[in-house]
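Below are some notes on the ligand sites, for your reading alongside the coordinates. They are kept to contacts, cover and composition.

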Amino acid sequence: MTDHLVGLGAVSVLAVMEQVYFSLQVVYARRKYSVTPPSTTGPPEFERLHRAQVNCTEYFPIFITLLWTSGLFFHQGVSALCGLLYLYSRYRYFNGYSQSSRQRLAPLYFGATVLWALIGFSSLGVLGSFSRLYAGVDLVDLASSC
Amino acid sequence: MTDHLVGLGAVSVLAVMEQVYFSLQVVYARRKYSVTPPSTTGPPEFERLHRAQVNCTEYFPIFITLLWTSGLFFHQGVSALCGLLYLYSRYRYFNGYSQSSRQRLAPLYFGATVLWALIGFSSLGVLGSFSRLYAGVDLVDLASSC
Amino acid sequence: MTDHLVGLGAVSVLAVMEQVYFSLQVVYARRKYSVTPPSTTGPPEFERLHRAQVNCTEYFPIFITLLWTSGLFFHQGVSALCGLLYLYSRYRYFNGYSQSSRQRLAPLYFGATVLWALIGFSSLGVLGSFSRLYAGVDLVDLASSC
Ligand SMILES: N[C@@H](CCC(=O)N[C@@H](CS)C(=O)NCC(=O)O)C(=O)O
Ligand SMILES: N[C@@H](CCC(=O)N[C@@H](CS)C(=O)NCC(=O)O)C(=O)O
Ligand SMILES: N[C@@H](CCC(=O)N[C@@H](CS)C(=O)NCC(=O)O)C(=O)O
């Protein structure tokens, strides 16, 4: 029944695994640098790694929401592909940031571009649904008949 | 196929755009007040703006979950409308908080009221589904035949 | 129309209520220990309670994503049950952490085990959908005919 959504499901599960991986890195760093909870401050190496995890965590629900709106209202394959690119950018962001603040920037810009693409696709998809429902116009048909 | 959920999709995309707007404000404030990552401390103006973004981010997944449970199990239009009110309250919370801690309070209470309404609608919707499935009773029919 | 997903809806609403409960505890603790926003530092009692809420908030979208992927692609009842166990572990984590950092550990490990189970179920479900869609093989049939 939900087999047709498996692309979105697969990318969602991968995204979760990535977040779990980031969390585990913070757990290991807490041990390595002796930063006992509830403290979140310590040597710069720890603070960068911790902020990297927090920043990825902040964007995680935004990403999941866009993945599914874009996948449900626009196109599943395109969204899943963007999803994989985004997860890859976050992996490079996390590793870059843990090395130096500067090295987080390139993957950040790349990831932001992918998010903007997903925002664009979601908006197009939602506009398409609205026009089909309320104006009786199918924008996809219209575009392909031009 | 998902056209009938377009109200929830539209509000979700708007919610994402709002979060992206809040994030960009933090990026600009980091430049303006020279707060270099991974630091999150600085002049009070920066700290308020940063906390405003963090607080909105904390509630974002809660809001999306309620929007969809309320929309799927109770009523899409009502949920989407509550969603718009909530997004408006968060916009005022963010701007208020960035001016002074006090000014975050009024929009916070308003937003909390909307969240409680969505919790109520979701619960009603879920109870209605349970009663239809397991007791064979349609609470909506029952209510309208009173 | 969505009645068959009511188990996932119910656990999602419960999860939201739990997060709201955690947030309210932080609000009360802010008053009790006079920690005025935007500050998040204060006596250790406050900092532990605050970090407990932040940590639960970090995992909330991960949990919701797993609950639904596992419920949609694997089995709703099993996922909802894991969801209840997870919410219980988070309740104990929050209370333990607010007492002492040490007391957060046992419920943390228990909650992590439940999350791993949900990751496993989601992955199985996604693999099953892929195999049905692209290889024409139904892994569930295959397993039960062994
Ligand atoms: N943000 C978390 C990520 C990793 C995590 O979940 N750690 C567990 C085990 S050390 C925890 O209970 N952290 C305490 C906390 O987040 O305050 C952290 O800073 O520790
Ligand atoms: N919470 C973020 C919101 C804005 C954001 O995503 N900023 C980017 C570009 S400055 C970042 O990499 N922030 C580093 C961080 O979050 O530690 C922040 O504090 O910066
Ligand atoms: N993480 C929040 C949880 C509770 C909450 O949402 N508090 C409201 C009312 S005191 C707020 O505006 N907090 C300000 C903030 O998060 O910076 C906190 O630290 O306060």
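1. The shell around ligand 2 consists of 7 nonpolar, 4 polar and 4 charged residues. Bear in mind that the model is predicted.

2. Ligand 2 sits between chains A and B. There are 15 residues around ligand 2, and the nearest are Asn55(A), Tyr93(A), Tyr97(A), Arg104(A) and Arg30(B). At least two shell residues come from each of α2 (44-73) and α3 (76-99) of chain A, and likewise from each of α1 (6-32) and α2 of chain B.

3. Polar contacts of ligand 2 involve both chains. On chain A, a polar side-chain atom of Asn55(A) is 2.7 Å from an oxygen atom of ligand 2, and a side-chain N or O atom of Tyr97(A) is 2.8 Å from a ligand 2 oxygen. On chain B, Arg30(B) places a side-chain N or O atom 2.7 Å from an oxygen atom of ligand 2. The protein buries 96% of the 450 Å² that ligand 2 exposes when taken alone.

4. Ligand 3 is located between chains B and C.

5. For ligand 3, polar side-chain atoms lie 2.7 Å from a ligand oxygen in the case of Tyr93(B) and 2.6 Å in the case of Arg104(B). From chain C, a side-chain N or O atom of Arg30(C) is 2.7 Å from an oxygen atom of ligand 3. On its own ligand 3 has 440 Å² of accessible area, of which the protein covers 96%.

Technical notes:
Residues numbered from 1 in each chain as written. Chains lettered and ligands numbered in written order. Predicted model: local features only at pLDDT ≥ 70, side-chain atom pairs only at ≥ 80, totals over all residues. Heavy atoms only, no water. Near = heavy atom within 4 Å. Polar contact = N/O pair within 3.5 Å; in protein donor to acceptor, adjacent residues only side chain to side chain. Areas by Shrake-Rupley, 256 points an atom, 1.4 Å probe, with all protein chains shown as cover. Helix = DSSP H or I, 4+ residues; strand = E, 2+ residues; numbered from the N terminus. Nonpolar A, V, L, I, M, F, W, Y, C, P; charged D, E, K, R; others polar.
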